[in-house]
Amino acid sequence: MSDIKKIKDEYLAKINNNHNLDNLNQIKSELFGKNGIIALEFKKIGSISANEKKQFATNLNLIKDELQIALNKGFKTIEAKEINSKLQNEKLDITLPERNFNQGKVHPVSQVIDEISSIFSEIGFSVEEGPDVENEYNNFTALNTPDNHPARDMHDTFYLDKKKEYLLRTHTSPVQVRTMNNGKPPFKIIAPGRTYRSDSDQTHAPMFHQVEGLHIDKNINMGHLKGCLNYFIKEFFEVKKIKMRFRPSHFPFTEPSAEVDIGYEIKDGNIVIGEGDKWLEILGCGMVHPNVLKNVKVDPKKYQGYAFGIGIDRLGMLKYGINDLRAFFETDYRWLNHFGFDPLDVPSNYRGLSR
Amino acid sequence: MKFTIQWLKEHLDTKLSDEKIIEKLTFIGLEVESFESISSEFDNFKVAKIVSAEQHPNADRLKVCDVDIGQKNTIKVVCGAPNAKKDLITIYASPGTIIPKNKMKLSISKIRGVTSHGMLCSESELNISNESDGIIELSSKKYQNKIGNKYFKNNSPKILDLSITPNRPDCLGVRGVARDLAAAGYGKLKKINYKKLKSDGSQDIKVSIKKEKYQGCNSFGSCLIKGIKNVESPQWLKNKIISLGQKPISAVVDITNYVMIDLNRPLHAYDADKIDKEIIVRNSKEGESFEALDNKKYTLEKDMCVISDRSGVLGLGGIIGGTRSGTEEYTKNILLESAYFDPSSIRKTSKKLNIETDAKFRFERGIDPQSNLDGIEKAAKLIQQICGGKISRFNNQKIKNFKNNNIKFEIHLFDRITGFEIKTKEIIKILSDLGFGTKLKKNIISLEIPSWRPDITQPIDIVEEIVRIKGYDHIKTIDPEKTRLKPTLNKTQKLFHFLQRSVASKGYVETVTWSFTDEKINNYFRENKHQINIINPISSDLNVLRSSIFPNLVFYLKKNIDRGFRDISLFEIGPTFYGKEPGEQLTVIGALRSGKAIRSNWLEKDRNIDVYDSKRDLVQTLVEAGFNKEKLYFVDETPSYYHPGKSGKVYLSKTDKNPIAFFGEIHPNIIKNLEINTDSLVCFEIYLDHINDTTRKLRERKSSFQYSDYQKSERDFAFIVDKKIKVQDLVNIISSVDKNLIKSVNVFDVYEGANIPLDKKSIALNVNIQSSDKALKENDLDNISNLIISEVEKRSGAKIRS
């Protein structure tokens with residue numbers, strides 16, 4: 001008995017002091033080899049008296065397990081050491097550049113359209129669209145702007161034929177006509193899209209973007225119009241308070257008509273929306289003219305409501321500090337990368353409109 | 001519409017300040033564009049300080065001065081004055097300024113190789129004195145804090161410029177503006193006290209309006225003034241004309257212009273001695289012509305409203321007079337015209353002849369048809385005052401009698417539309433101040449519409465009148481309700497937004513370009529679609545609607561390449577056009593990549609961007625959008641703007657009618673012709689309208705989730721096939737051998753060359769086999785392998801490579 005205990009103590013000490021793989025292997029074969037010490041001890045079992053046999057075998061097994069565990073631990077320690085020292089030699093210069101990647105961008109106009117849609121979605125508007133090419137009737141006549149009306153001169157129109165029957169829509173308002181012609185009231189829609197006018201200078205582009213709004217129901221009045229636009233402007237500019245004023249104006253398709261200004265000031269060369277004593281015109285609106293309702297077979301005695309038209313590009317310029325309208329459409333790669341938005345930046349209510 | 005506040009006060013009794021008046025104008029719908037002094041040629045002379053004065057490098061007698069003109073940066077000016085030195089305060093004139101002494105206009109110019117931005121001035125150059133030896137030296141004490149200010153004070157009165165909406169012709173006259181302000185409680189409208197005009201004798205030039213179809217003249221008032229002297233206008237009148245931004249001409253012309261602005265009453269003065277016997281207002285005959293006061297000769301079409309005499313056309317009624325009967329310095333007798341012309345007739349004629357005049361602008365919007373006498377009286381009196389002469393009796397010919405419109409206004413319409421109430425008494429006061437005749441009965445006001453308000457035709461117009469005078473600030477703000485009638489976006493719109501961001505997420509930068517383009521570039525991409533011309537394009541290189549996204553995209557790609565960019569990924573989503581009927585347009589995503597996929601770097605060798613890059617971007621986008629990759633079907637026929645050998649089209653499934661997308665290299669000829677300097681140019685386009693998406697939601701389209709835990713096995717095959725055999729077909733044959741067992745087929749090698757016949761290629765495929773209900777044994781695998789080989793050999797003529 002004391003023999004095996006002695007062996008155990010001797011070898012445990014050996015194992016614990018040895019951190020060399022070859023030595024450990026040597027110890028392993030001395031202990032557990034075919035003719036190793038443990039095997040030899042087990043062979044002794046046959047020659048031991050019956051009443052001691054059981055005790056001897058138990059002790060021997062315990063010692064065997066103990067040695068085995070110690071040996072395994074020894075091997076693990078050495079392996080870990082060797083791996084660690086190997087990894088030390090594999091050290092990279094992690095300041096070397098990564099593999100190339102391309103970051104795509106979403107155009108500011110698209111981003112702003114998504115922001116606008118998200119805001120109006122919150123108050124129950126749905127999105128409608130219409131064609132870029134319109135007929136003269138939908139763009140003008142149905143909107144209470146007959147051919148002999150000087151209001152037509154306010155729109156420099158691109159025409160597609162000599163008879164002036166087909167044109168590029170000068171505003172998104174014909175979508176009102178199409179929507180109401182194809183459905184039954186109530187209507188609660190916005191219609192963002194491309195619009196065209198044949199003037200071009202620093203502040204005008206021959207193509208730009210508008211969003212039309214239309215809400216027709218039994219008792220929608222100018223108070224609702226004010227409330228809707230007030231909500232929209234506040235949400236869009238992500239400010240708590242907005243200074244806003246309605247001014248009488250004239251559009252043939254609304255009566256009464258208004259233009260809306262928002263207050264701003266210039267702070268350190270940047271425009272700050274919602275404060276200050278300067279005014280900036282941002283949209284036109286009004287109560288849909290009874291003539292328009294009649295033209296689309298909606299009874300103005302039963303239904304009434306408001307419409308508005310907002311310049312999308314201009315809103316984007318104000319919100320994101322873009323100075324030049326024409327740059328929106330000039331595809332300068334530097335500009336697009338600078339002002340564009342990451343495609344994962346989807347404007348939404350819960351994540352906020354913008355980061 | 002321009003005038004001065006002083007002029008306004010000739011019609012409006014008010015003690016309110018200019019600022020108050022201006023603010024109110026905007027709030028009642030008469031938007032103030034500006035309120036400024038007329039810019040004078042002296043505005044450009046500014047107080048400036050020389051910050052440094054260095055010797056000119058190429059001229060002994062010149063100095064190069066840095067000048068502080070009150071802006072962020074100093075300005076370089078080359079100066080020859082001996083007294084120009086550091087810290088001197090003097091007067092600076094900017095480029096564009098006209099120098100009073102010699103009337104020369106300054107420009108930015110190089111003086112002996114140094115650019116000079118403007119000039120420092122001497123007293124003689126400014127006509128202040130004859131002192132010309134050096135530049136002006138201003139006292140630094142007095143001017144130290146005025147650097148950048150105008151040197152000359154502008155004493156001219158401030159001009160009010162109103163932007164009048166087309167529905168308000170009455171406010172194209174100062175009196176109309178005054179009336180609106182008075183109604184808004186901002187003063188009292190002064191009464192016009194016409195003293196009985198001293199008239200003498202009859203107007204003995206006969207006037208007749210021919211009763212014809214399309215006659216554009218309803219009434220023609222006139223009077224003769226004999227024995228005048230058409231002198232220069234007195235100063236007060238000259239000032240008024242100058243304040244309008246016009247040049248005084250002669251008393252008679254200035255007076256007619258003045259009355260036009262004052263009362264919105266256009267007039268015309270004829271030299272009565274040049275009229276051949278009588279005035280006939282009639283329709284023109286085809287081909288008649290006359291020379292107008294703008295010195296252009298106009299040839300008329302049929303049925304334009306002309307004023308004529310026995311010899312022919314004198315002028316176009318309400319638009320422009322003719323030179324033949326124009327007044328001149330020595331004119332002695334004049335015929336004064338004050339007539340009413342029909343707006344649509346005026347508009348039609350002026351559009352056809354392309355004439356813009358003040359009179360036309362006013363008649364087109366609607367002149368007060370009852371104002372013939374008022375206008376003529378005011379003008380005749382002034383002419384007599386200034387030019388002398390005898391005034392005849394007033395003659396008014398008419399073929400139609402004017403009747404005021406009447407409207408029955410139900411008071412509750414007001415609160416129904418505006419959402420707030422206002423007392424009936426106040427409504428009546430506002431309307432009568434605006435000139436309406438009012439009679440209240442129960443809840444209805446019977447209104448007589450003033451003759452100067454052609455814009456008011458129905459009750460809703462009355463609501464606007466009341467609310468704009470009362471003030472839009474009285475309208476309440478009602479918080480929006482969050483009720484929804486239907487989903488915000490429909491399926492197509494959702495797909496649009498998804499694809500837009502999906503393409504961008506592949507590294508493409510989105511752009512937005514015009515919907516029109518250059519015909520020449522468009523033709524490369526037009527195929528057999530109609531060319532849709534814009535009749536009045538903004539420029540000749542933007543003259544057609546685009547048939548494809550690519551013309552603009554390629555054009556701007558080239559611009560960016562020319563800026564020095566090489567590896568560019570651009571896309572646009574928007575309309576392309578195939579007809580000029582509304583709706584003949586398709587929504588398309590067009591995406592381009594140029595240059596290299598990899599620029600050689602410390603990790604990788606460089607590689608041109610290629611067709612399979614764009615195919616990956618396309619297929620990944622479609623898969624992300626929820627379309628089944630296994631069902632995509634590729635065919636190698638594409639439009640002619642693609643490289644014929646390196647391009648393809650995609651169907652969502654083999655049985656679909658329309659391809660939903662194309663991809664490939666842009667045809668090398670186009671790259672060459674457009675001089676695009678790039679290593680490679682590939683593209684893809686997706687036709688959103690051709691995606692016949694089901695109405696089912698994505699979650700409903702997903703099959704139930706099944707998977708197998710049994711052992712997966714792989715087998716590799718290499719086939720020798722005809723070169724024209726497509727991998728897609730081979731894969732389909734293999735997949736269809738056993739759709740349950742064959743999970744995927746991957747191509748791992750395509751080889752042509754040594755050891756393979758010239759018309760053949762070798763394709764190596766890796767097939768994944770797995771059963772969902774048992775572990776496959778070796779002989780199961782052998783069976784399926786043999787089946788694959790025999791099917792492929794049978795259906796494609798391939799041979800297994802041994």
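**Reading the calls in this predicted model**

In this predicted model, Pro186(A) sits in the loop between helix H7 (174–181) and E4 of chain A. The peptide bond leading from Pro185(A) to Pro186(A) is cis, with omega near 5°.

Q: Why is Glu238(A) called partly exposed?
A: Let's count its surroundings: Glu238(A) has 13 C-beta neighbours inside 10 Å. A residue is exposed with 12 or fewer and buried with 20 or more, so a count of 13 makes Glu238(A) partly exposed. This residue lies in the loop between H8 and E6 of chain A.

Q: What makes Lys277(B) count as exposed?
A: Lys277(B) has 10 C-beta neighbours inside 10 Å. The cut-off for exposed is 12 or fewer, so Lys277(B) counts as exposed. You will find Lys277(B) in the loop between strand E15 (268–271) and strand E16 (278–283) of chain B. Lys277(B) is not a glycine, yet its phi is positive, about 70°.

Q: Which residues of H5(A) and H10(A) meet, and how do they divide by type?
A: From H5(A) come Pro108(A), Val109(A), Val112(A), Ile113(A) and Ile116(A), which meet Ile312(A), Asp313(A), Leu315(A), Gly316(A) and Tyr320(A) in H10(A). By type, the residues of this contact are eight nonpolar, one polar and one charged.

Q: How many residues does each chain bring to the contact between chain A and chain B, and which element of chain A gives the most?
A: Chain A has 70 residues in contact with 76 residues of chain B. Elements supplying at least two residues each on the chain A side include H5, strand E4 (187–196), strand E6 (244–251) and helix H11 (333–339). H8(A) gives the most, with eight residues. The chain A side divides into 31 nonpolar, 26 polar and 13 charged residues.

Q: What makes E25 and E26 of chain B the strands at the edges of their sheet?
A: The sheet is open and has three strands in the order E25-E27-E26 (chain B), with antiparallel pairing. Strand E25 (406–410) and strand E26 (437–441) each have a single partner strand, so one side of each has no neighbour in the sheet. From one strand to the next, the twist averages 20°.

Q: How do you know that E25(B) and E27(B) pair?
A: Pairing takes at least two bridges, and E25(B) and strand E27 (residues 444–448) of chain B have five, in the antiparallel sense. In one of these, Asn406(B) has Glu448(B) in E27(B) as its bridge partner.

Q: Which helices pack on this sheet, and which strands do they touch?
A: Helix H11 (residues 424–433) of chain B touches E26 and E27 of chain B, and its direction makes about 160° with that of E26(B). Helix H12 (residues 459–470) of chain B touches E25 and E27 of chain B, at about 70° to the direction of E25(B).

Methods
Residues numbered from 1 in each chain as written. Chains lettered and ligands numbered in written order. Predicted model: local features only at pLDDT ≥ 70, side-chain atom pairs only at ≥ 80, totals over all residues. Contact = placed C-beta atoms within 7 Å. Helix = DSSP H or I, 4+ residues; strand = E, 2+ residues; numbered from the N terminus. Nonpolar A, V, L, I, M, F, W, Y, C, P; charged D, E, K, R; others polar. Axes fitted to C-alpha atoms, helices over the stretch in contact; angles between N-to-C directions.
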